[in-house]
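Reader: Hi, I have a structure open and I am new to this. Could you go through it with me, one topic at a time?

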Amino acid sequence: VSRRPQEILDEIRQLSDLGYREITLLGQTVNAYGHDLDERLPNGKRADFAWLLEEINDINSKLRVRYTSPHPMYFNDRLIDVIASTQAVCEHLHMPLQSGDNDCLRRMKRTYTMEKYRAITDKVRERIPNVAIT
């Protein structure tokens, strides 16, 4: 369940004002943020994780922002571009890979394959050459 955007941004402002230097955004599928929100942004679009990262960067680009755990289904080029272009977002990507075997992933009822993971990490490494991937 996504928290309201203003609630998150207000909390980030408070933490920044208190001198916090690093924050971690946490969610089971953190990069699915906003998919369940009915409210729209002033431009009519829905808030998503890429938008949230940009807004946090606008609050304080000197913050160090980490997040866990992204899901491969919600990775897209826009998110990768935002991760690459925002100063606040750390050059670190934690991918919660549960198996390196597609048959095992299928038996676990996972909706992704090793090829999907590789495609994501290849795109991330192309866009952010010094990224740390764990």
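This is a predicted model: local features need pLDDT of at least 70, side-chain atom pairs count only at pLDDT 80 or more; totals for chains, interfaces and linings use all residues.

Reader: Which residues form one of them, and how are the planes set?
Author: Phe 49 and Tyr 67 form an edge-to-face pair, with 5.3 Å from centre to centre and 75 degrees between the planes. This pair links distant parts of the chain, since Phe 49 belongs to helix H2 and Tyr 67 to strand E2 (residues 64-68), 18 residues apart.

Reader: Are Phe 49 and Tyr 67 buried or exposed?
Author: Phe 49 is buried, and Tyr 67 is buried too.

Reader: And why is the pair of Tyr 112 and Tyr 117 called edge-to-face?
Author: The ring centres of Tyr 112 and Tyr 117 are 5.1 Å apart and their planes stand at 65 degrees, so this pair is edge-to-face; the cut-off for that label is an angle over 60 degrees. Tyr 112 and Tyr 117 are both buried.

Reader: Let's change topic to helix H1. What span should it have, and what does the model give?
Author: Helix H1 covers residues 5-17, and at 1.5 Å a residue its 13 residues should span 18 Å; the C-alpha atoms at its ends are 18 Å apart, which agrees.

Reader: Which residues of H1 are buried?
Author: In H1 the buried residues are Pro 5, Ile 8, Leu 9, Ile 12 and Ser 16. If you look down the axis of H1, these buried residues fall within an arc of 95 degrees, so they line one face of the helix.

Reader: Why would residues a few places apart point the same way?
Author: An α-helix has 3.6 residues a turn, so residues three or four places apart point the same way.

Reader: What covers the buried residues of H1, and what is on the face turned away?
Author: The cover includes strand E1 (22-26) and helix H2 (49-59), while the face of H1 turned away from the buried side carries the exposed residues Gln 14 and Asp 17. Just after H1 comes Gly 19, which takes a positive phi of about 95 degrees.

Reader: How many bridges join E1 to E2, and what is the partner of Glu 22?
Author: E1 and E2 run parallel and are joined by 5 bridges. The bridge partner of Glu 22 is Arg 64, in E2.

Reader: What about helix H3, which residues are buried there?
Author: Helix H3 (residues 77-85) has Leu 79, Ile 80, Val 82 and Ile 83 as its buried residues. Seen down the axis of H3, they fall within an arc of 160 degrees, so they line one face of the helix. Those buried residues pack against H2, E2 and helix H5 (114-127).

Reader: Moving to the loop between E2 and H3, where Ser 69 is found: what is the peptide bond from Thr 68 like?
Author: The peptide bond from Thr 68 to Ser 69 is cis, with omega near 0 degrees.

Reader: Why does Ser 69 count as buried, and what does it touch?
Author: Ser 69 has a relative accessibility of 18%, so it counts as buried, the cut-off being under 20%. Leaving aside residues up to four places away in sequence, Ser 69 touches several residues, among them Gly 27, Val 30, His 94 and Pro 96.

Reader: And Lys 109, where is it and what is its phi?
Author: Lys 109 is found in the loop between helix H4 (102-107) and H5, and it has a positive phi of about 65 degrees although it is not a glycine. Because its relative accessibility is 71%, Lys 109 counts as exposed.

Reader: Last topic: how many disulfides does a search of the whole structure find?
Author: The search finds 0 disulfides. As for cysteines, Cys 90 counts as buried at 4% relative accessibility, whereas Cys 104 is partly exposed, with a relative accessible area of 22%.

Note on methods
Residues are numbered from 1 along each chain as its sequence is written. Side-chain values use heavy atoms; hydrogens and water are left out. Helices (H or I, at least four residues) and strands (E, at least two) are DSSP runs, numbered from the N terminus. The expected span of a helix is 1.5 Å times one less than its number of residues. Buried means under 20% relative accessible area, exposed over 50%, partly exposed in between (1.4 Å probe, protein chains only). The arc is that of the directions from the helix axis to the C-beta atoms. Contact means heavy atoms within 4.5 Å. Rings of Phe, Tyr and Trp (its six-membered ring) pair if their centres lie within 6.5 Å; planes under 30 degrees apart count as stacked, over 60 as edge-to-face and the rest as tilted. A disulfide is a pair of cysteine sulfur atoms within 2.5 Å. Two strands pair if DSSP finds at least two bridges between them.
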